[in-house]
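Let's take a walk through this protein together. Keep the sequence and the 3D view open, and look up each residue as we get to it.

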Amino acid sequence: MEFDKSLIVFESNPDFADNPRGFYEYIIKNTGYKTFWVIEDDEILNALKKRGVNCAKKNSDEAQRVIEKAKYLISSSFYFAYHKKRGQIHISAWHGFPLKVIGFFDSASANPKEFEDLKVITTQSDIVTATSRFSHLTLSGMFAMDPRKVYETGYPRNDIMFYANAKEELSKLIDIDLKQSKLFFYLPTMRKGLKAEGKQFDENIFNFVDYDCDGLDEFLEAHNTYIVAKLHFADMQLINLEKRKIPKRIIFLDSELMGKHLLTIYHIMDAFDGLITDYSSVYADFMLLNKPIIFSCPDLEKYQIDRGFVVDDPRLLMPGPVVKSQNELTSVIGDLLNGKDEYKNHRQYLMPFFHKNLDGYSSKRLLHVIENNLGVNNDINKNYSYLYDDCKSPLSQYLISHYTYELYYDDGNGFSENKKVTGKYEIQKFKKSHIYLEIKLPRVDIKQLRFDPSINGGIVIKNFKAIIEDKELKIESIINGIINNGDILFNEHDPQILFNNLDFMQPYYMVEISFTVCTTFSEEGENIILKTCKRSADSKKRFKRLFKRQK
């Protein structure tokens with residue numbers, strides 16, 4: 001299939017944000033590529049359409065058509081890996097520095113099926129972005145992914161921090177004196193995720209035992225300081241802020257208002273004098289601004305047990321003071337406002353661990369990787385499948401699949417589960433397999449026979465023959481399959497072959513069945529699927545033309 005090499009389709013969670021957004025901004029300003037966004041939120045979709053951005057609703061027919069013809073698919077996680085066809089390039093631009101365990105290391109993903117799905121989608125992905133050698137190795141390890149698919153381009157979303165007019169953008173969201181006030185950005189990590197992840201903000205948004213709403217407000221007012229907070233987008237839908245007592249000088253960003261102005265946190269990040277966070281990897285991005293970071297972690301030990309980190313002691317990777325109470329938080333903020341930044345040198349010391357590049361050209365580097373096909377030919381999971389061939393590797397044993405067949409016989413009372421003969425045969429996954437079966441039947445008069453070549457389908461059968469007493473049986477019908485030029489495509493569950501020329505007057509004792517079979521994901525199987533689908537489509541067109549003439 002030919003794909004449009006000038007078309008890039010974007011997706012992110014949340015919509016129109018994160019690394020795909022940063023890369024998109026670079027693409028439209030510096031290249032001639034066509035762009036298209038897949039959007040879930042209706043308000044953001046409408047806002048984008050008003051601005052002339054090519055986009056469509058996620059899972060709509062229009063979105064699916066564009067996805068299927070684009071050469072390049074870029075998302076903030078692995079969304080497009082589910083849709084990607086052979087020949088398309090999927091870029092997982094990712095959404096954070098790997099501080100917490102994820103992927104195969106994540107105890108939150110306890111279901112074995114989730115790990116199977118994860119292996120499929122990471123195999124489907126071609127390029128993953130990272131910010132440093134540590135994040136490169138950690139991401140590839142936690143996703144069990146070929147390290148050559150990960151590139152230390154930096155995160156495109158961080159490019160936005162280098163060119164955005166942060167205070168001007170922030171003024172669209174909050175109505176305070178931004179010039180005279182001191183501002184701290186509070187960005188905690190997700191709490192209501194896949195499992196218990198530390199304390200769940202049940203009493204206050206800091207989880208402080210000594211939380212004093214009025215006292216915190218008095219402190220902030222005395223220092224002409226505001227804390228602007230934005231909880232994780234997943235938590236905002238679950239936490240009722242109206243039931244919590246919030247200081248007047250803590251302002252929550254309105255996600256809908258941000259969406260209306262099509263702003264992300266990276267457009268406003270540089271407006272703040274410091275960052276307050278807990279275990280969110282956003283602090284790795286904020287380090288590029290060389291400003292103070294406070295780690296508010298009253299539940300550090302619980303979070304470490306619940307979720308876990310990539311190092312035994314996460315404080316080794318925290319370039320700022322770790323506070324566990326409101327009293328400690330206000331003390332540190334007071335020191336910073338008085339010019340006492342004890343971790344300035346430590347931030348610089350840890351910088352190479354987090355960032356290989358300290359500039360705003362991550363998108364440019366990512367485009368270079370894409371255009372030079374650097375991420376396409378290094379996919380060990382797909383390109384080295386020849387290692388499974390016979391006589392080349394002991395891995396060949398894992399290519400053999402066992403399929404169960406069923407031969408139903410009708411003695412005059414119809415087919416039933418207690419009147420069948422079952423057996424097994426082997427298929428070599430990426431090759432054609434020649435099958436010959438001798439199936440003994442009970443000594444009863446048989447009126448009809450039905451052969452089910454497998455239980456789940458997903459196979460293509462060629463050169464099918466069924467013989468009784470030197471007489472070849474004719475196929476009466478195919479159920480859950482399609483015949484095209486003698487090839488039988490069974491792509492659905494419970495495939496069946498029924499015969500119509502049995503001699504009702506004599507009993508049968510042996511059926512010989514032979515056929516050539518391959519799976520639908522083998523190269524030959526895919527070719528037959530394409531031919532069959534084309535033939536079916538042509539038949540539908542001929543039927544429509546005939547129907548019109550008859551009308």
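A search of the whole structure turns up 24 salt bridges, where a salt bridge is a side-chain nitrogen of Lys or Arg within 4 Å of a carboxyl oxygen of Asp or Glu. The background is simple: side chains of opposite charge can pair when their charged atoms come close. Before we visit some of these pairs, note that this is a predicted model, where local features need pLDDT of at least 70 and side-chain atom pairs count only at pLDDT 80 or more, while totals for chains, interfaces and linings use all residues. Residues are numbered from 1 along each chain as its sequence is written, and side-chain values use heavy atoms, with hydrogens and water left out.

Start at Glu 152. It forms a salt bridge with Arg 133, and the closest N and O atoms are 3.0 Å apart. This pair links distant parts of the chain: Glu 152 is in the loop between β7 and α6, Arg 133 is in helix α5, and 19 residues separate them. (Helices, H or I with at least four residues, and strands, E with at least two, are DSSP runs numbered from the N terminus.) Glu 152 also has a salt bridge with Lys 356, with the closest N and O atoms 3.6 Å apart. Here the two partners are 204 residues apart, since Lys 356 sits in the loop between α15 (344-354) and α16.

Is Glu 152 buried or exposed? It is buried, with a relative accessible area of 14%. Buried means under 20% relative accessible area, exposed means over 50%, and partly exposed is in between (1.4 Å probe, protein chains only).

Now follow Arg 133 into its helix, α5 (residues 133-142), whose buried residues are Ser 135, His 136, Thr 138, Leu 139, Ser 140 and Met 142. These pack against β6 (127-129) and β7 (150-151). Just after α5, Ala 144 takes a positive phi of about 50°. In the loop between β6 and α5 you'll find Ala 130, which counts as buried because its relative accessibility is 0%. Not counting residues up to four places away in sequence, Ala 130 touches several residues, including Ser 135, His 136, Leu 139 and Glu 152; a contact means heavy atoms within 4.5 Å. Ala 130 and Phe 97 are 33 residues apart in sequence and 7.7 Å apart in space, C-alpha to C-alpha.

Next, move on to helix α6 (residues 156-163). Why is it largely enclosed by the rest of the structure? Because six of its eight residues are buried, namely Pro 156, Arg 157, Asn 158, Asp 159, Ile 160 and Met 161. What covers them includes α1 (18-30), α11 (265-268), α12 (282-286) and α16 (362-371).

Let's jump to strand β18 (residues 459-468), which is the place of Asn 463. Asn 463 has a positive phi of about 55° although it is not a glycine, and it is exposed at 56% relative accessibility. Asp 494, in the loop between β22 (487-490) and β23 (496-499), also has a positive phi, of about 60°, and is partly exposed at 27%. And what about the bond from Asn 13 to Pro 14? That peptide bond is cis, with omega near 5°, and Pro 14 is in the loop between β1 (4-11) and α1. For context, most residues other than glycine have a negative phi, and most peptide bonds are trans.

Lys 462 pairs with Asp 487, the closest N and O atoms being 3.0 Å apart. Lys 462 lies in β18 and Asp 487 in β22, so the pair ties together parts that are 25 residues apart in sequence.

Finally, step back to the whole protein. There are 18 helices and 24 strands, and buried residues make up 52% of the 551 residues. Of the contacts with a separation of 6 or more, 71% are between residues 24 or more positions apart.
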